[in-house]
Structure formats: C-alpha cells, structure tokens
Amino acid sequence: MAAGGAACSASVIHDRPSGEGGGGRSDDGSGAPGGMGGEGAQGGYNPEVVTSVQAGGVSWTEEGTVCVAPELLGEGGQGGAGGSGGAGGSGGAGGVYTGACPTLDPMDPDVPGPPAGCWYSSLGGGVPRGGQCCYEFAASCGGSGRPFLVGDRARTALAQRRAAGAWGAAAARPDVAPLTPATRAALAEAWLRDALLEHASVASFSRFALEMMAVGAPAEMLDAAHEAARDEVRHAALCFGLASAYAGAALEPAPFAFGGRVEVTSDLAELAARAVREGCVGETLAAVQASEQLAHATDAAVRSALAAIAEDEARHAELAWRFVAWALQTGGDAVRQAVSAAFEAALAAPPPAAAAADAPAAALAAHGRPDDAVMAAARRCAIADVISPALRALLAA
C-alpha cells in the first residue's frame, strides 16, 4: 500500500522555436525566400499568483493566473526577400501583438500548459495586464509521489530538454513504434508529470528525515526515510526515461528552486498531520494507483517501472502509518486531534477530473495509463478496504 500525494508547480517551461534563417542560394541566382519570423518570448506562470491549493491524498485543485507574453499570441513575420546574386534572404520579423487578448483553447498545443501535475478545468478570458495577456484558470491536479510543500503549495522543478540526459538515460525504453503522434504526446505529458512529482518527492523525504530528527523519532524510521528518498531518485529516473522515449527528446528536471532555505518543523502535531495527508492517504493511494496501472499495462518497460514503483510506494506508506502511530503514542491529545482532522480533510477531497487525451484508451492503458473510471474505482476500493480499516485500528490503539 502507499501513495505519493502529487504536487503542482506554479511554473512550467515550454520550448518555443526561434525564427528560421534566410533562404539558401538557388540555382538561378535569385535568393530563396527568407525563413518565417520566430515566435515571441514564451509566456509563463508567476509562482506567486496561485490563490489556493487543497492537498488531499493524490488530488487537489489550483486556481491562479497565467500571463502570456504578447509576442506569443502574434502571428509570425513574413520571410525576407531573396538576396541579389544568389544570396540567401533574410529572416522574417517576429510576431506583432495586435492589442487584443484572444480566447485560448486549453487543448491547443501552443497554449502554455497548467502547473505540473495538473490539467485545466477552466481557462477564462484574457485581460491585458502589465503588457501581457492574463487568464484566470482553475485546474484539477493529481499524480504519484510524495509532494514537497512550501506553505500550502506543492512545488516541483521545471522540465528542460538536453541533448543527452542523465536522468532516465539507463532506463528501459517502451515500444513506441505502433503509437500515433497524439498517443505519444499524451503519454509523454503524463509520464513527465509523474517524473517531476517523483523528483520532488526526493526533497520531501529528505526534509521528513530532518523533521523526524527534530521530534526525536526512532532510528529505524529515520533510516527508512533516507531509503525512501533514494527510491524516489530511481522512480524519477524511470519516469523521465519513459517520458523522454515518448517525447523523442531527453527530458530532465531543471535545478530545484528552494527559494534559499527549507523550512523544518519541530511541531509533532503538524508533522503527524502532514504525514497523514502525504503518506497514510497519499502514498497508500499511490501504491494502489501504480498497482492498477501495472495490471492494465502490457509494454515491458512500463510494466518494469510500475512494478518497482508500486512495491516501493507500499513501503513508504507503511513508514507513514508507523510514524503516525508513534506520534499518537508520544504526543497525546494535540496530536490525536491533528491526525483526526487531517484524515477527515484528506478523505473528503474529491479526485481530480480526468486529463483529456486525444488518443485511444487501449493504447494509453497498455502504456500504463488506464482511463479515469478504472482509476476512480481503484481509489474508492483503496479508501474502503485499506485506509478506512487502518484508520479505525490506528485511532483505537
């Protein structure tokens, strides 16, 4: 059992192609047409504009504003004219902002995506603000891996492309030959989302180890937390390897933005409540989720990755339950009240809506992505058959 509560970053990165150069020399001595102008500077998320995050198990919602640079919304410039004497034409000018904020289609691949681990449930009309077009959004979020929280917000690194990446370079590669471009794109996005969340889990377990030291937790739990952090490094590498294979490019995490310091609590009630949300509920659900994905997957590389993740997440969940049991014995009524409230809030949180994907359901399931109805049923079963009985036993002890 186990389940890493997933996390959203308030920032994403998208590679935008630069303008092409002028045309080459032609046989008749006239220059070929210049290249199209490049798209403008990329839009992005301001991590300070997210207004709410409700973390409960492996699902939550985010609301905020995404602001897009005007140049991103303009059309590309026309290619330059051919040079005389066979010289190449010059490149075209970049797009020009028209002053109006267009309606954005959340499914348009040119629209900046939502925070990591999320997908848009609504994207409002654009409003000019500070020289940009800003759009209010609501997003459903979910995934696997223990979140790294800063305040009440989950944080991940950004994704970046490398010519040859160390993350996932040694991982087994799935068979992508039978897949359509749309299916590959959907799988790349899903596995990249999980990769960023698993990567953030390394930081979360590292901080958990420090906090266990701060409250005097037993040595075997401290050792298990460090082992879990090492597990998450492997999980992230496996997921980055799969995402890279589907994307056809080496994908890696950018440097993690800790903001200069990492907050560590020594409040046992607070730490126990977080262990409930992230571990007892979140990681239990993550283990069940990975097991359900494994049951439907047929690709050998995907099955190998999911088998490892499911087994490890089960141990991580067990660590969380052991820690909370120890905290209840150690901390008295204040811890019991915090733990009870945390379970109530986490189990009341609704699951995220399904991420839309323009790809055959059977192909997605074969590569570890069964449909939302399957995963929702597994979640209900996990709550009824695993978490609720364990909760009753925990509080009765």
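Trainee: Which residues of α2 meet which residues of α4?
Mentor: On the α2 side they are Ser204, Phe205, Arg207, Phe208, Glu211, Met212 and Val215. On the α4 side they are Leu268, Leu271, Arg274, Glu278 and Glu283. Bear in mind that this is a predicted model.

Trainee: How many nonpolar, polar and charged residues does this contact have?
Mentor: Sort them by class. The contact of α2 with α4 has six nonpolar residues, one polar residue and five charged residues.

Trainee: At what angle do α2 and α4 pack, and how far apart are their axes?
Mentor: The angle is about 145 degrees. The axes are 11 Å apart.

Trainee: Is the crossing left-handed or right-handed?
Mentor: It is left-handed where α2 passes α4.

Trainee: Next, the cores. How many residues does the largest nonpolar core have?
Mentor: A nonpolar core is built from buried residues joined through side-chain atoms within 4.5 Å. The largest one here has 39 residues. Those with the most contacts inside it are Phe208, Phe323, Val324, Trp326, Val335, Val339 and Phe343.

Trainee: Which helices each supply at least two residues of this core?
Mentor: They are α2 (181-215), α3 (219-247), α4 (268-296), α5 (300-331), α6 (333-348) and α8 (372-396). The largest share, ten residues, comes from α4.

Trainee: What lies apart from this core?
Mentor: Another core, of 28 residues. Trp191, Ala236, Tyr246 and Leu364 are among them.

Trainee: Let me pick one residue. What is Trp326 in contact with?
Mentor: Set aside its neighbours within four places in sequence. Then Trp326 is in contact with Val215, Gly216, Ala217, Pro218, Met221 and Leu268. Val215 and Leu268 also take part where α2 meets α4.

Trainee: Which residues does His367 touch?
Mentor: Leave out residues up to four places away in sequence. His367 then touches Pro174, Asp175, Leu179, Leu187, Trp191, Tyr246, Asp299 and Val302. Trp191 and Tyr246 belong to the core of 28 residues.

Trainee: Is Arg379 buried or exposed?
Mentor: Arg379 is buried, at a relative accessible area of 13%. Arg379 lies in helix α8.

Trainee: And Glu62, buried or exposed?
Mentor: Glu62 is buried too, with a relative accessible area of 2%. Its place is strand β3, residues 59-68.

Trainee: What does partly exposed look like?
Mentor: It covers the range between the cut-offs for buried, under 20%, and exposed, over 50%. Ala341 in helix α6 is partly exposed, with a relative accessible area of 45%. Ser291 in helix α4 is partly exposed at 38%.

Trainee: How far apart in space are Arg379 and Thr284?
Mentor: Ask about sequence as well as space. Arg379 and Thr284 are 95 residues apart in sequence. Their C-alpha atoms are 9.6 Å apart. For Ser291 and Ala378, 87 residues apart along the chain, the C-alpha separation is 9.3 Å. Glu62 and Tyr120 are 58 residues apart along the chain, with 9.2 Å between C-alpha atoms.

Trainee: What share of contacts joins residues at least 24 apart?
Mentor: Count contacts in the chain between residues at least 6 apart in sequence. Of these, 80% join residues at least 24 apart.

Trainee: Finally, the whole chain. How many helices and strands does it have?
Mentor: Eight helices and nine strands. Buried residues make up 51% of its 397 residues. The chain exposes about 17200 Å². Carbon and sulfur atoms supply 55% of that area.

Definitions and conventions. Residues are numbered from 1 along each chain as its sequence is written. This is a predicted model: local features need pLDDT of at least 70, side-chain atom pairs count only at pLDDT 80 or more; totals for chains, interfaces and linings use all residues. Side-chain values use heavy atoms; hydrogens and water are left out. Buried means under 20% relative accessible area, exposed over 50%, partly exposed in between (1.4 Å probe, protein chains only). Helices (H or I, at least four residues) and strands (E, at least two) are DSSP runs, numbered from the N terminus. Contact means heavy atoms within 4.5 Å. Axes are lines fitted to C-alpha atoms, for helices over the stretch in contact, and angles run from 0 to 180 degrees between N-to-C directions. A crossing is left-handed if the near helix is turned anticlockwise from the far one by less than a right angle, and right-handed if clockwise. Ala, Val, Leu, Ile, Met, Phe, Trp, Tyr, Cys and Pro count as nonpolar, Asp, Glu, Lys and Arg as charged, and the others, Gly among them, as polar. Accessible areas come from the Shrake-Rupley method with a 1.4 Å probe; for residues, only the protein chains shown count as cover.
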